[in-house]
Structure formats: structure tokens, C-alpha cells
Amino acid sequence: GNSVTQMEGPVTLSEEAFLTINCTYTATGYPSLFWYVQYPGEGLQLLLKATKADDKGSNKGFEATYRKETTSFHLEKGSVQVSDSAVYFCALNDLIQGAQKLVFGQGTRLTINP
Amino acid sequence: EPEVTQTPSHQVTQMGQEVILRCVPISNHLYFYWYRQILGQKVEFLVSFYNNEISEKSEIFDDQFSVERPDGSNFTLKIRSTKLEDSAMYFCASSEDRNKETQYFGPGTRLLVL
């Protein structure tokens, strides 16, 4: 079945550092890919998405490019802030009859120190 | 901005007891979902619901689980006889329609079964 594997955490960086969180997937067909973020005490929020190969999703300075050849969707940000501290989830959509089911990676906890 | 809400935020129950987790999806959304996350593990799909019936369920969603939309606003997950291994964070999500891939998540209910 479809699956998502993402970088083990936790990840700790200093403010203004460059961030990469790796995500690879296994899927039949060409699912859409997502990054969700969970800030402390809150629900999962969509950060960005890409729906087809070579698409780049971007939001709040974060970017990820849908790479079909490497089955990857790595999350990057050029200069992180303390407010980016959260848990980041990579996911794909598994189209099922009548609805879309999200398949998640295990999450990566990111801590940014001032 | 409309959001998905869930109650309670935390629930502690004794093994064998019934629990009902409540969700209020975004008002014009048509598809509803439950996911769970056991501590330290991936977010897992449980069930999707559309037009007052289950669209899809995972193998986790056995006979002790049920979902219901009792009125025009609430969406509930019932666990009839809780087990220790049901302890997890339960997330509700909703999406506008089948073709709108973005699912909007609530903050979750943390269930602890003793």
C-alpha cells in the first residue's frame, strides 16, 4: 500500500539556519503530496501541497518540490525562526471511493533556538 | 476563519467503558474523517463519512467503533468498550467535497484508557 517515510526527529536548529526535512513516498499512481504542521496545543494545519510532478508548493517561506524520479517531497526553509518550532508531517492522499484518505509520515519535531 | 472544533480536549476513562468523542466540522463541508495518533506513532486513518454513511474504513475501525452525524453540525466517534490500546490522540477532519483535497483538522482529543 501507499506509505510515507520522513526524517527521524527531533531536529534542533539555531534561528536563521537552513532547514531540510526529508520525505519520501511509495505510491501507485501519482498522489498529491502535503506538508502539515502542528504547533503546540493545536491541530494539524496544511502548510503546503503539490498535486503533480515538478510542482513546487510554498507557504510562509517553506518550499517543497514534488520529485517523481526520486519519489520525494523534501521540506526546506532558508532561514528558520523560533516561531517555526512545531511538528511537521508529510502526507499523501490516497484516493478511495467517495473520499480522500491521507497517509502520513511519522512526523518530525523541529525546535528552533534563539 | 472557520475551523474544526473537538470536545473534550482530554478524556480519561476506565477500560471497558464507552466514550464519545465529538467534532464540529466546518459548516459547508461534506466529507468527514477521523484519524488517530498513538503516542510516538504515525497519524492513522480510521474512517471517512459522507452523505450519512461510511465511505471507507481502515482495519483499525472494527465493530467497537462507530460514527454518527446526529444533527446538522456534530460528527461523533464512539468507542463502545475501550481497551488500553485505544489510548491515543484522535483527530477529526473535514473537507469541502471529494475534489477538494485539503482536509481541515481539529485540535484533537487526547484519550487515556486506564
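## Exposure and backbone angles

A residue is called exposed when its relative accessible area is over 50%, buried when that area is under 20%, and partly exposed in between. The model described here is predicted. With a relative accessible area of 55%, Asp54(A) therefore counts as exposed. Asp54(A) belongs to the loop between S6 and strand S7 (56–59) of chain A, and its phi is near 75°, a positive value in a residue other than glycine.

Thr71(A) also has a positive phi, near 45°. Thr71(A) sits in the loop between S8 and strand S9 (75–77) of chain A. Its relative accessible area is 31%, so Thr71(A) is partly exposed.

## Cis peptide bonds

In chain A, a cis peptide bond links Gly9(A) to Pro10(A), with omega about -10°. Pro10(A) lies in the loop between strand S1 (3–6) and S2 of chain A.

In chain B, the bond from Thr7(B) to Pro8(B) is cis, and omega is near -10°. The loop that holds Pro8(B) runs between strand S1 (5–7) and strand S2 (10–13) of chain B.

In soluble globular proteins, nonpolar side chains tend to be buried together. Here the largest nonpolar core contains 27 residues, and those with the most contacts inside it are Trp35(A), Leu47(A), Leu48(A), Phe73(A), Leu75(A) and Tyr88(A). Elements of chain A that give two or more residues to this core include strand S5 (33–38), strand S6 (44–50) and strand S10 (86–96). S10(A) gives the most, with four residues.

Another core, of 23 residues, lies apart from the largest one; among its members are Cys23(B), Ile38(B), Ile60(B) and Ile79(B).

## Interface of chains A and B

The contact involves 25 residues from chain A and 20 residues from chain B. About 1,900 Å² is buried between the two chains, and carbon and sulfur atoms give 54% of this area. Across the interface there are zero salt bridges, while four residue pairs are in polar contact.

On the side of chain B that touches chain A, two or more residues come from each of strand S4 (31–37), strand S5 (43–50) and strand S6 (53–57) of chain B. S4(B) supplies the largest share, four residues. The residues of this side comprise eight nonpolar, eight polar and four charged.

Methods. Residues are numbered from 1 along each chain as its sequence is written. Chains are lettered from A and ligands numbered from 1 in the order in which they are written. This is a predicted model: local features need pLDDT of at least 70, side-chain atom pairs count only at pLDDT 80 or more; totals for chains, interfaces and linings use all residues. Side-chain values use heavy atoms; hydrogens and water are left out. A nonpolar core is a set of buried Ala, Val, Leu, Ile, Met, Phe, Trp, Tyr and Cys residues joined through side-chain atoms within 4.5 Å. Buried means under 20% relative accessible area, exposed over 50%, partly exposed in between (1.4 Å probe, protein chains only). Contact means heavy atoms within 4.5 Å. Buried area is the accessible area (1.4 Å probe) that two parts lose on being put together, summed over both. A salt bridge is a side-chain nitrogen of Lys or Arg within 4 Å of a carboxyl oxygen of Asp or Glu. A polar contact is a pair of N or O atoms within 3.5 Å; within protein, one must be able to donate a hydrogen and the other to accept it, and residues adjacent in sequence count only if both atoms are side-chain atoms. Ala, Val, Leu, Ile, Met, Phe, Trp, Tyr, Cys and Pro count as nonpolar, Asp, Glu, Lys and Arg as charged, and the others, Gly among them, as polar.
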